[in-house]
Amino acid sequence: LWTTGQVAQAYRVRWQIEVIFKCWKSGFNLQGILQEPCRNVHRIVTAILLMLLFICLFIQKVYMECKKRIETKGGKTISLFKLSKYVAANLYLLFSTTLSKRMVQLAKYCCYEKRSDRTNMTDLIQFFKN
């Protein structure tokens, strides 16, 4: 049997896994990468592993850095899902604009909205950490 704290900790980890897979499938359009006619198991497994590696690198090198900069400068919380969708749709902007302009765009389009009727998942996790 788990304590209440252990259940909350396990749920946070499970939820983060769900968010990663949601980003993988919807944000980065996994179905578009794995075309339906493909029956080669090795190609499918390789594509899945490469996508998982990409997402791990994306979270560590892009999401975490943007999260830190935007929280420090603007006090907003960036959404992993919104960021992945934005980057997938606007990849050229990441290479054609300055870092400060990118941060403004990401803060504008990829952060959670402040809502009084519910708490976003990042705020909820922060609540349990404190």
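**Note on the helix packing in this predicted model**

1. In the contact between helix 3 and helix 6, residues C66, R69 and I70 of helix 3 meet L99, M103, L106 and A107 of helix 6, where contact means heavy atoms within 4.5 Å. The residues of this contact divide into 6 nonpolar, no polar and 1 charged; Ala, Val, Leu, Ile, Met, Phe, Trp, Tyr, Cys and Pro count as nonpolar, Asp, Glu, Lys and Arg as charged, and the others, Gly among them, as polar.

2. The model is predicted, and local features need pLDDT of at least 70, side-chain atom pairs count only at pLDDT 80 or more, while totals for chains, interfaces and linings use all residues. Residues are numbered from 1 along each chain as its sequence is written, and side-chain values use heavy atoms, with hydrogens and water left out.

3. Two packed helices are described by the angle between their axes and the distance between the axes. Helix 3 (residues 41-74) packs against helix 6 at an angle of about 80°, with the axes 10 Å apart; the axes are lines fitted to C-alpha atoms, for helices over the stretch in contact, and angles run from 0 to 180 degrees between N-to-C directions. That makes helix 3 roughly perpendicular to helix 6, a term for angles of 65 to 115 degrees, whereas under 35 counts as roughly parallel, over 145 as roughly antiparallel and the rest as oblique.

4. Helix 4 (residues 80-89) also packs with helix 6 (residues 99-109), here at an angle of about 125° and with the axes 10 Å apart, and the two helices are therefore oblique to each other. In this contact K82, L83 and Y86 of helix 4 meet Q105, L106 and Y109 of helix 6, and the residues involved divide into 4 nonpolar, 1 polar and 1 charged.

5. Helix 1 can be checked by its length: at 1.5 Å a residue, its 24 residues (4-27) should span 34 Å, and the end C-alpha atoms are 32 Å apart, which agrees; the expected span is 1.5 Å times one less than the number of residues. The buried residues of helix 1 are A8, R12, V19, C23, W24 and G27, where buried means under 20% relative accessible area, exposed over 50% and partly exposed in between (1.4 Å probe, protein chains only). Just after helix 1, N29 takes a positive phi of about 55°.

6. Taken as a whole, the protein has 7 helices and 0 strands, with helices (H or I, at least four residues) and strands (E, at least two) being DSSP runs numbered from the N terminus. Buried residues make up 28% of its 130 residues.
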